[in-house]
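Here are a few friendly notes to read with the model open beside you.

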Amino acid sequence: MHVVLHLIPKKYLIGGALILLGLSGLLLMGTFVAITGGFESENEQGEVTEIEGGGIGAGTANVSPEVMRYQPLLEKYAQKHGLDASYVPIMMALMMQESGGRGSDPMQSSESYCDGTVGCIKSPELSIDKGVLHFKSVLEKANYDLKLCLQSYNFGGGFINYVMKNGGKYTPELAISFSQMQYQRVKHTGNYHCVRPEMIPYGACYGDALYVSAVLKYYTGTIAANGKPTTPSGGGSGSGSKSGVKVIEAGETLIGKTRYVFGGGRSQSDINAGRFDCSSFVRWAFEQVGVNVGPLSGVTTDTLKIQGQAINPNDMKPGDVVFFDTYKKDGHVGIYVGDNKFLGCQGKTGVAIASMEKGTYFGDKFNGRVKRF
């Protein structure tokens, strides 16, 4: 081996060593990224999917695809536990902070479910079931102070009692002082350390005193005085409002000018060529009247159905959005125009007005879900 090395010019040996060093660095970097789930910049969140909240009308959660996949389960357990669907985006933001949607306990529900035991939950669905239930419980105890709810999800219920004795309303200062107080009680165990270096000078090393701002960086919207998330833009499309009529008028301009393409309508070239599917058409129509119901590339019937206000089918008004169980639950969507008819993009006709009368195809597929944006 030494003989071979002597035969190779020194410059090639040095170059080869540098290449090996670079490859080793890349390998170590890849291992680190795999372990930590990758780097995340404050300004660049990588692959991010925007979804819109529903129920009473909520803001937007900016979450990774790993979190996005749990949206149906969050909706399911919000309904099971009697929690308004408008909190789904907030819980998705919470999950993004807790786990990024990774692991078997994406909502980190083990401690609340198993009396402080970490790691007892091994199923993502159980994590979401118990996480939603815990979120609702903390929200109610916090008197719907959403920021207090979020911080208590991290600190535990004792923080609610502390806040109630010190003004009754969440503040970042109370979060820091509670963290300081609790850390003094538990630091002798050696089990606690500052998750944020900026909290070290304060000695606020119990939990994450900046948890609220950490969660809300994944949420765009406003929070009402009663603690409920609300949509950034006012007004609604239904109730016979001008915007409800206008969205129908906008949609009707495409009648006879489009064709149905599954997955179509999610690029400007598709739109220019008149290629839409049902959900992309609804998105386009609302965009024409200044109502944003989701990103161009990401809108689906599943993202539309959790938005807006739920309406009793007996109270439908022009401009309301209606859903049908076709190839799947909520597989088709359109805009109600009145007289048991809706405007949508259908397979054989493209954008057209179709009947919802009993005995017709869509009349029999209508599932009673009506949302008002």
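1. A word on terms before we start: two strands count as paired if DSSP finds at least two bridges between them. Please keep in mind that this is a predicted model.

2. The sheet to look at is open and has 6 strands, in the order β8-β13-β9-β10-β11-β12, with antiparallel pairing. At its edges stand β8 (309-310) and β12 (350-355); each has a single partner strand, so one side of each lacks a neighbour in the sheet.

3. Begin with β9 (residues 321-324) and β10 (residues 332-338), an antiparallel pair held over 4 bridges. If you want a landmark here, find Phe324, whose bridge partner in β10 is His332.

4. Next, β10 runs antiparallel to β11, and 3 bridges join them. Gly338 sits opposite Lys341 of β11. These two strands make a hairpin with 2 residues between them, and in the turn Asp339 has a positive phi of about 55°.

5. On to β11 and β12, which pair in the antiparallel sense over 6 bridges. Here Gln346 has Gly350 in β12 as its bridge partner. This is also a hairpin, with 3 residues between the strands.

6. How many residues of β11 are buried? The count is 5 of the 6, so this strand is largely enclosed by the rest of the structure. "Buried" here means under 20% relative accessible area.

7. Finally, look at helix α14 (residues 278-287), which lies across β9, β10, β11 (341-346) and β12. The helix runs at about 45° to β10.

Key: Residues are numbered from 1 along each chain as its sequence is written. This is a predicted model: local features need pLDDT of at least 70, side-chain atom pairs count only at pLDDT 80 or more; totals for chains, interfaces and linings use all residues. Side-chain values use heavy atoms; hydrogens and water are left out. Contact means heavy atoms within 4.5 Å. Axes are lines fitted to C-alpha atoms, for helices over the stretch in contact, and angles run from 0 to 180 degrees between N-to-C directions. Buried means under 20% relative accessible area, exposed over 50%, partly exposed in between (1.4 Å probe, protein chains only).
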